[in-house]
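Got your viewer open and your selection tool ready? Let's take a walk, one stop at a time.

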Amino acid sequence: MTTVDIARPAGEVLDSCRVRFEPALRAAVDALPASMQRIVRYHLGWWAEDGKPTGAVGGKAIRPALTLLSAATVGGTADSAIPAAVAVELVHNFSLLHDDVMDRDLTRRHRPTAWAVFGTGPAILAGDSLLALAMDVLAASGHPAAERGTRMLSAAVQDLVNGQIVDLAFEQRTDVGLSECLDMAENKTGALLGCACAIGALFGNGGPDEVGAMERFGRDLGVAFQAVDDLLGIWGDPVATGKATDNDLRCRKKSLPVVAALTSGTPAGRELDELYHREQELSDAELARAAELIELAGGRVWCHDQVGNLMVEALRRLPVAATPTASEAAAELGALAQLIACRDH
């Protein structure tokens, strides 16, 4: 995998970006109706279930960091893209609130999910509220590119929703192919990461070529991100991920390593197909066997290779967008991308 020399470690870059954008994120959440603030602040990790502050900073905030670094990479300032970074993070959390309901996930970030605490309806409504707030933040930013950025983010949400409904439909199908699974991942995850980078470049006054290159960089990174998430969903450490590792298999998710195994034409793939499409719920022993079969059929290795190939393509696009005076920002953006793709999988 291509390496990037950087001035700061990627973790330090993430922390620096958080310091820039989080006050604006908190101010935006303050504008929500009181009925939504408690749920959202809990979901973001700021409040405990009883409404008391936790002192936590929430999630990793990867998407807003990509937005700020993309603005700097095309020669703009990170501060000019703060409204875009906030909007992207709000949309991301809208999707997480809804995803947890649809997947019936009980834990996120080492805590019960919002729907498990407050109920399905309130969690869905909190997600809806974040989506509306995201568009309002962009519209009220006063940036010359606000209207175009709003349309860009709206289009990304439509792609995300399309990817999500295709993902749900896959659970009921027995004939999912790898190419359509990759297309689903590009929409479900790649669209928002692509938008995070493109809207950052747009708010950094990048031209059409720079915005386009950053959008493609983010989409490739997004598919790699989804592939890593899919690997962690089967073989990840719950202590590190904050989520149970058997839920994807229990729900018969057609994730990338699963589809790679099912379409492998191997004996292990055929056994997995028979196991995966049983009507009855899988036992713990059968879930463990399913994970073993995915690995035996080559799904795990295929997914690792896919991540590497996508990262090569993504990093190849950065020089197209980077201005000569922004080499450090581009290097930090590349390093952050590698951190995303090289999580423990």
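Start by selecting Asn 247, which you'll find in helix H11, residues 247–250. Keep in mind as you look that this is a predicted model. Is Asn 247 buried or exposed? With a relative accessibility of 16%, Asn 247 counts as buried, because the cut-off for that is under 20%. Now show what surrounds it: leaving aside neighbours within four places in sequence, Asn 247 is in contact with Asp 103 and Asp 105.

Next, click on Thr 107, in strand S1 (residues 107–108). Thr 107 is partly exposed, at a relative accessible area of 31%.

Now step along to His 110, in the loop between S1 and strand S2 (111–112). Check its backbone angles here: phi is positive, about 70°, although His 110 is not a glycine. His 110 counts as exposed, with 52% relative accessibility.

For another positive phi, jump to Asn 205, where the value is near 65° and the residue is again something other than glycine. Asn 205 sits in the loop between H8 and helix H9 (208–235). At 62% relative accessibility, Asn 205 counts as exposed.

Time for some helices. Select H3 (residues 62–73) together with H8, and look at how their axes come within 6 Å and cross at roughly 35°. Which hand does the crossing of H3 and H8 have? It is right-handed. To see the contact itself, show side chains: on the H3 side there are Arg 63, Leu 66, Thr 67, Ser 70 and Ala 71, while H8 brings residues including Leu 192, Ala 196, Cys 197 and Gly 200.

Then zoom in on Phe 217. Apart from neighbours within four places in sequence, its contacts include Cys 197, Ala 314, Leu 315, Arg 317 and Leu 333.

Rings come next. How many aromatic pairs does a search of the whole structure find? The search finds 1. Select Tyr 42 and Phe 118: their ring centres are 5.5 Å apart and their planes stand at 80°, so this is an edge-to-face pair. Tyr 42 is buried, at a relative accessible area of 4%.

Two last stops, each an arginine over a ring. Pick Arg 26 and Trp 46: the arginine lies over the face of the tryptophan, 4.1 Å from the ring centre. Then pick Arg 300, which lies over the face of Trp 235 at 4.4 Å from the ring centre.

Note on methods:
Residues numbered from 1 in each chain as written. Heavy atoms only, no water. Phe/Tyr/Trp six-rings, centres within 6.5 Å; stacked < 30°, edge-to-face > 60°. Buried < 20%, exposed > 50% of the residue type's maximum accessible area, 1.4 Å probe, protein only. Lys NZ or Arg CZ within 6 Å of the ring centre and 35° of its normal. Contact = heavy atoms within 4.5 Å. Axes fitted to C-alpha atoms, helices over the stretch in contact; angles between N-to-C directions. Helix = DSSP H or I, 4+ residues; strand = E, 2+ residues; numbered from the N terminus. Left-handed = near helix turned anticlockwise from the far one by under 90°.
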